[in-house]
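Hi,

Here is the model I said I would pass on. Have a look at it first, and my notes on what turned up follow below.

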Amino acid sequence: MTEQAARKHLLIVDDEPVILQILEAVFEDEPVRLTCVGTGAAAMRVLDESGCDLLITDKNLPDLNGLELLKRAKELDPFTEVIIITGYASLDTALTAMEYDAFDYVVKPLNNVFDIRKKARRALEKRALAIENKQLLGELAGQNLALKTALSDAVALQAELIQAGKLAGIGTLAAGIAHEVSSPLFGILGLAEAIPEESCRQKVDAYAAEIVDYSKSIRDIVVDLSSYSRTSSDQDVSPVDLGQVIQDAATLVGRGVDLSGVDLVLEIEDGGLIRAEPTEVRQIFVNLVKNAIEAVRDEHGAEGGRVTLAAGREVDHLWATVTDNGVGIHQDAMEQVFDPFYTTKAPGKGTGLGLSVVYRIVTKHRGTITVQAGESGGTMFRLQFPIAD
Ligand SMILES: Nc1ncnc2c1ncn2[C@@H]1O[C@H](COP(=O)(O)OP(=O)(O)OP(=O)(O)O)[C@@H](O)[C@H]1O
Ligand SMILES: [Mg+2]
């Protein structure tokens, strides 16, 4: 842009040549491009051809009213500022000028030309500000639109994530159920295989009774599934002998897992009762003992493994520990072992859900579970439950 074009265009219209001369002199040193014309028609032509930033016009031109010029200038560019020159200093004149959205007016004879220059400068400043504001508004509107688009993108993404989360939740649930059902199922399988080889009728009856028990726990899991969305109510829980449940769990594991070379030691003090769903609490210890056996197998192979199940009573809680002399858990992994799908086992060997099921059941029974390295290597899980009075 040339310097000339960058200057503000000031159009002055008056039929009195003296006034035009005075005004030309007033604005001579201003950084404006000046056009002076003597008639309304000439002014209209200038406006139509190149417009102007500031129009200073006589109100009473011989060929048309100065206010018509004002109107035309504003039509072409609403930000054009206009100063009206009038012969009468009356309230009426001032009101008319303001009504037509003129910036200001000056009264003839022009006694104080510096006053006109000041008004012109302020008018140009106002125009520059108005244009800048409009630009800013435009930018804001653009940013607003971008924000709106970003927001609706985020909402869509959130919906997708929720959907994906639900799907993942269903997968976790299904895998968790498979995990929980597999323990009693192994028990049933072991007993059913033993029955045909057993000649003692009493033992067969006992096996059958156990099969019924295991089947009931599978039924409980299925029932639990159908009520998955509701939180468990008090009617599902009953006073349960913690020591007895731990012994049952040990027996159940013994049926499903090869224990040769692993010492499974029970150190159960006469503990007490907790309020719980018995099959769920048994599942806790089944999972912990299975993990322990897998860990000692990894460490010792065919012999030398030891898994200790202990339980007892403190003043205000019952406690239980499952300790092994297995491979141990690396310090960095201690916090992750309860996460669903965290596993260090080979693909197909472990789902990584055992401990997440344990954690869910323990917290559901208002208990706590912690893990730490065993005193002589290996791992110790420690649990606490409130005592049922
Ligand atoms: N007693 C333990 N000794 C050493 N590591 C253990 C022990 N218990 C759990 N872990 C570690 O925690 C991980 C998660 O255990 P979790 O029972 O949740 O799943 P998993 O045993 O891998 O799979 P699944 O239970 O489905 O067979 C295991 O892969 C193992 O690395
Ligand atoms: Mg496991």
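Let me start with the ligand. By class, the shell around ligand 1 holds eight nonpolar, 13 polar and two charged residues. (Ala, Val, Leu, Ile, Met, Phe, Trp, Tyr, Cys and Pro count as nonpolar, Asp, Glu, Lys and Arg as charged, and the others, Gly among them, as polar.) That shell has 23 residues, and the closest are Ala295, Thr343, Gly350, Gly354 and Leu355; a residue is near the ligand if its C-beta atom, placed from the backbone, lies within 6 Å of it. Two or more residues each come from helix H9 (278-300) and helix H10 (354-364), and H9 gives the largest share, four residues. Helices (H or I, at least four residues) and strands (E, at least two) are DSSP runs, numbered from the N terminus.

A word on the ground rules. This is a predicted model, where local features need pLDDT of at least 70 and side-chain atom pairs count only at pLDDT 80 or more, while totals for chains, interfaces and linings use all residues. Residues are numbered from 1 along each chain as its sequence is written, with chains lettered from A and ligands numbered from 1 in the order in which they are written.

Now the helices next to the ligand. H9 and H10 pack at about 145°, their axes 9 Å apart (axes are lines fitted to C-alpha atoms, for helices over the stretch in contact, and angles run from 0 to 180 degrees between N-to-C directions). On the H9 side the contact includes Ile284, Asn287 and Leu288, and on the H10 side Gly354, Leu355 and Val358 are among the residues; contact here has C-beta atoms, placed from the backbone, within 7 Å. By class this contact has eight nonpolar, four polar and two charged residues.

H9 also packs against H8, at an angle of about 55° with the axes 8 Å apart. That makes H8 oblique to H9 (under 35 degrees counts as roughly parallel, over 145 as roughly antiparallel, 65 to 115 as roughly perpendicular and the rest as oblique). Among the residues that meet are Val245, Ile246 and Ala249 in H8 and Val281, Phe285 and Val289 in H9. The contact of H8 with H9 has 11 nonpolar, no polar and three charged residues.

There are two sheets to look at. In one, five strands form an open sheet in the order E7-E9-E10-E12-E11, with mixed pairing; strands pair if DSSP finds at least two bridges between them. Strand E7 (262-268) and strand E11 (368-373) are at the edges with a single partner strand each, so one side of each has no neighbour in the sheet. E10 (residues 317-324) and E12 (residues 379-386) run antiparallel and are joined by eight bridges, and valine 322 has phenylalanine 381 in E12 as its bridge partner. H8 (residues 242-256) packs on this sheet, touching E7, strand E9 (305-313), E10 and E12.

The other sheet is also open, with five strands in the order E2-E1-E3-E4-E5 and parallel pairing. Its edges are strand E2 (32-37) and strand E5 (104-107), each with a single partner strand, and the twist averages 15° from one strand to the next. Strand E4 (residues 81-86) pairs with E5 over four bridges, where isoleucine 83 stands opposite aspartate 104. H4 packs on the sheet and touches E1, E3 and E4.

Cheers

How values were computed. Contact = placed C-beta atoms within 7 Å.
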